[in-house]
Amino acid sequence: MSRPQRLSTNARPAGVLLLVLTLTILGGCAGSPTIQSPDRLGIPEQLKLDDVPFHGQRDYQCGPASLAMVLNASGVDADVDSLIPQVFLPEREGSVQPEMLATLRRYERVPFVIDGNFNALLREIANGHPVIVMQNLSLPAWPVWHYAVAIGYDLNARELILHSGMDAETRTSFATFDNTWARSERWAVVALPPGELPDSIGRHRALNAIADFQRATDPQTALPAWRTLAERWPELAMGWFGLGNAEHATGNPEAAADAFRQATEQDAGLAVAWLNLGLSLEALGDIDRARDALNQAAALPSKWRERARTALDELSSE
Amino acid sequence: MMKKLARVISPLLIACLVLGSLPVAAAAPNASSDGLVSTQDALSADQVQADRKRIDEVLSRQDVQEQLLAQGVDPAEVEARVDALSDQEVRDMADRLDDMPAGASVVGALFAVFVILLVTDILGLTDVFPFTR
């Protein structure tokens with residue numbers, strides 16, 4: 001009789017201790033996210049995007065609902081019912097991140113995964129781009145994964161405005177949102193028509209996003225995106241290179257050669273740009289300049305050397 | 001009768017599937033008309049690796065298609081879904097689809113830990129129950 005009693009008298013303080021410890025540890029990761037001052041970010045103190053229609057989720061379909069909201073806001077006519085078979089995994093009763101991005105590509109929108117921090121998130125909203133965010137609303141041990149669309153914020157009240165689940169324009173404190181958002185490693189996506197770039201994106205992320213977009217669509221659809229990329233970062237040689245390939249594939253050989261030329265001017269060590277410049281000049285019938293470019297490609301130590309030499313041999317034998 | 005039929009059809013079916021998958025590997029996206037190097041190829045680290053990656057990718061894409069079918073996706077949709085994925089995304093999904101978080105909002109199984117989540121909700125650590133806002 002005495003044993004269970006002792007156990008229960010010890011269990012209560014132990015339980016309280018455990019709870020306190022757990023909450024202290026959890027509380028340690030919680031804190032208000034740091035946000036630069038609105039002046040430095042160049043954004044208004046509060047803002048709400050009014051042109052993002054709300055689609056309430058049915059069952060577990062926050063993924064398709066979130067996609068429908070951003071696609072509609074971007075002028076694409078897509079409804080939740082047609083999105084469900086394109087992105088939902090029936091057995092998992094949910095949608096995974098890569099397929100969220102892939103579905104946006106199918107509607108000819110370029111998905112850009114933006115930097116996972118509040119500054120980037122708020123800047124995108126301020127630029128008129130609704131942002132799909134992934135959250136784990138619960139604790140890591142019992143995850144409740146969820147997609148929502150961030151459509152506004154209030155820096156004074158420190159609140160984010162979201163279209164989430166069954167709630168339109170629901171307000172969540174920055175701190176709570178950040179706790180749930182951090183568990184997805186702060187995954188956030190904007191979907192833009194080809195030819196537009198997010199303000200907060202870095203050049204290499206933008207380059208890869210556009211290359212992936214072209215792979216899933218076609219060079220014609222991706223062409224405006226490459227043009228904007230080269231315009232925004234003229235010093236990015238690979239941007240010109242991608243533009244050159246898109247121009248070439250859409251039947252603009254002169255524009256392609258110009259773009260490859262730009263790539264070599266930005267980075268004279270980019271052998272693959274010299275190679276494509278040579279090949280495109282050859283196709284244009286400009287044999288002398290083609291030979292010069294191929295010589296450059298063959299002289300540079302790179303994996304393209306063999307191909308450049310073969311092309312040179314073929315050029316001489318003609 | 002059915003067994004006999006199956007014995008005849010099975011090898012044929014296997015042969016068809018194998019042959020059907022070969023041209024895909026052979027005709028993987030490569031250079032455009034004049035032998036230009038594609039942007040995808042130029043972006044990948046080195047050529048030997050790029051070739052191996054391309055083969056892996058064809059296999060991964062088939063693998064992901066099968067996984068999606070197993071997850072209950074409509075067969076008519078599977079190919080288009082996998083086509084829209086980038087090379088990296090296909091590799092990620094082939095490797096760890098089962099571990100990927102799937103956005104869903106399932107609260108059903110959570111009542112066992114209701115009290116803990118209620119407290120963490122009030123503390124703003126979680127956002128499970130709308131009524132705590």
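**Exercise 1.** Is the crossing of helix 8 of chain A and helix 9 of chain A left-handed or right-handed?

*Before starting.* This is a predicted model, where local features need pLDDT of at least 70, side-chain atom pairs count only at pLDDT 80 or more, and totals for chains, interfaces and linings use all residues. Residues are numbered from 1 along each chain as its sequence is written, chains are lettered from A and ligands numbered from 1 in the order written, and side-chain values use heavy atoms, without hydrogens and water.

*Solution.* 
1. Take helix 8 (residues 203-216) and helix 9 (residues 219-232) of chain A: they pack at an angle of about 170 degrees, and their axes are 9 Å apart.
2. Helix 8 of chain A is therefore roughly antiparallel to helix 9 of chain A (an angle over 145 degrees).
3. The crossing of these two helices of chain A is left-handed (the near helix is turned anticlockwise from the far one by less than a right angle).
4. Helix 8 of chain A brings residues including Leu207(A), Ile210(A) and Phe213(A) to the contact, and helix 9 of chain A brings, among them, Ala222(A), Trp226(A) and Leu229(A) (contact: heavy atoms within 4.5 Å).

Definitions and conventions
Axes are lines fitted to C-alpha atoms, for helices over the stretch in contact, and angles run from 0 to 180 degrees between N-to-C directions. Helices (H or I, at least four residues) and strands (E, at least two) are DSSP runs, numbered from the N terminus. Angles under 35 degrees count as roughly parallel, over 145 as roughly antiparallel, 65 to 115 as roughly perpendicular and the rest as oblique.
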